[in-house]
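Welcome to the tour. Please open your viewer, switch to a cartoon view and keep the selection tool at hand.

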Amino acid sequence: MREIEGDIWDYHDKGNWITVTTNPIQRIDGALIMGRGIAQQARDRYPELPYVLGRLVASGGNVPYKLDRWKIISFPVKHHWQQPADTSLIVQSAEMIRDLCQEFQIRPLYMVRPGCGNGGLSWVHVKPLIQAAFYDEDFVIVERG
């Protein structure tokens, strides 16, 4: 895992895969709540995304989903949008994302610091938890520079 400064959307615009942090809560119309941070940015770019994720979460649970159409992998970090991020969920999601990347040969993968923005966690505490899953240089943490 390596860390760089920049705008994650610049890497996505160049055709790279990114993760978008999520929670499993849906609005009454079935759309996943994606109200802040990178989730809100993704929702604004791709208005259909919350509905697709809402259907997937409703049928398969709060786990990562590979969304080929947008080159996005969802990264569950919360059990409810109003709660802080959960470190055990972050670790579980990171391991599942690593496995998805291995299975589908997704390299590189760019992501923000999971759970550290609106999730309220400190990168000092999260980084060592996910380093085992994101073991190589093709997993890239992008921090806004």
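With which side chain does the side chain of Arg69 make a polar contact? Select Arg69 and show its side chain: the partner is the side chain of Glu48, at 2.9 Å. A polar contact here is a pair of N or O atoms within 3.5 Å; within protein, one must be able to donate a hydrogen and the other to accept it, and residues adjacent in sequence count only if both atoms are side-chain atoms.

Before moving on, a word on what is on your screen. This is a predicted model, in which local features need pLDDT of at least 70 and side-chain atom pairs count only at pLDDT 80 or more, while totals for chains, interfaces and linings use all residues. Residues are numbered from 1 along each chain as its sequence is written, and side-chain values use heavy atoms, with hydrogens and water left out.

**Stop 1: around Arg69**

Stay on Arg69, which sits in the loop between β3 (66-67) and β4 (72-76). Its relative accessible area is 58%, so Arg69 is exposed. The cut-offs are under 20% for buried, over 50% for exposed, and partly exposed in between, with a 1.4 Å probe and protein chains only.

The phi of Lys71 is near 55°, a positive value in a residue other than glycine. Most residues other than glycine have a negative phi, and most peptide bonds are trans. Lys71 is partly exposed, with a relative accessible area of 32%. It belongs to the turn of a hairpin that β3 and β4 form with 4 residues between them.

**Stop 2: the whole chain**

Zoom out. Helices (H or I, at least four residues) and strands (E, at least two) are DSSP runs, numbered from the N terminus. Along its principal axes, the C-alpha trace spans about 40 × 30 × 30 Å. Of the 145 residues, 46% are buried.

**Stop 3: the sheet**

Colour the strands. They form an open sheet of 6 strands with mixed pairing, in the order β1-β6-β5-β2-β4-β3. At the edges are β1 (2-5) and β3, each of which pairs on one side only. Two strands pair if DSSP finds at least two bridges between them.

Select β4 next. Since 5 of its 5 residues are buried, β4 is largely enclosed by the rest of the structure. Ile72, Ser74 and Pro76 point one way, and Ile73 and Phe75 the other. In a regular strand the side chains alternate between the two faces of the sheet. On one partner, β2, the pairing with β4 is parallel over 5 bridges, and Ile18 has Ile72 as its bridge partner. With β3, β4 runs antiparallel, joined by 2 bridges; Leu67 stands opposite Ile72.

Then move to β5 (109-111), which pairs with β6 in the parallel sense over 3 bridges. Tyr110 has Val140 in β6 as its bridge partner.

**Stop 4: the loop between α4 and β5**

Which peptide bond is cis, with omega near -10°? Select Arg107 and Pro108: the bond from the former to the latter is the one. Pro108 lies in the loop between α4 (87-104) and β5. Gln105 is in that loop too, with a positive phi near 50°. Gln105 is exposed, with a relative accessible area of 71%.

**Stop 5: the largest pocket**

Finish by selecting Thr21, Arg36, Gly37, Ile38 and Asn118, which lie nearest the centre of the largest pocket among its 28 lining residues. On a 1 Å grid over the protein atoms alone, a pocket is an open set of points where a 1.4 Å probe fits, with protein on both sides within 12 Å along at least five of seven lines; lining residues have an atom within 4 Å of a point. The volume is about 630 Å³, meaning the space filled by probe spheres set on the points, which are joined across faces, edges and corners. Helix α2 gives the most to the lining, with 4 residues.
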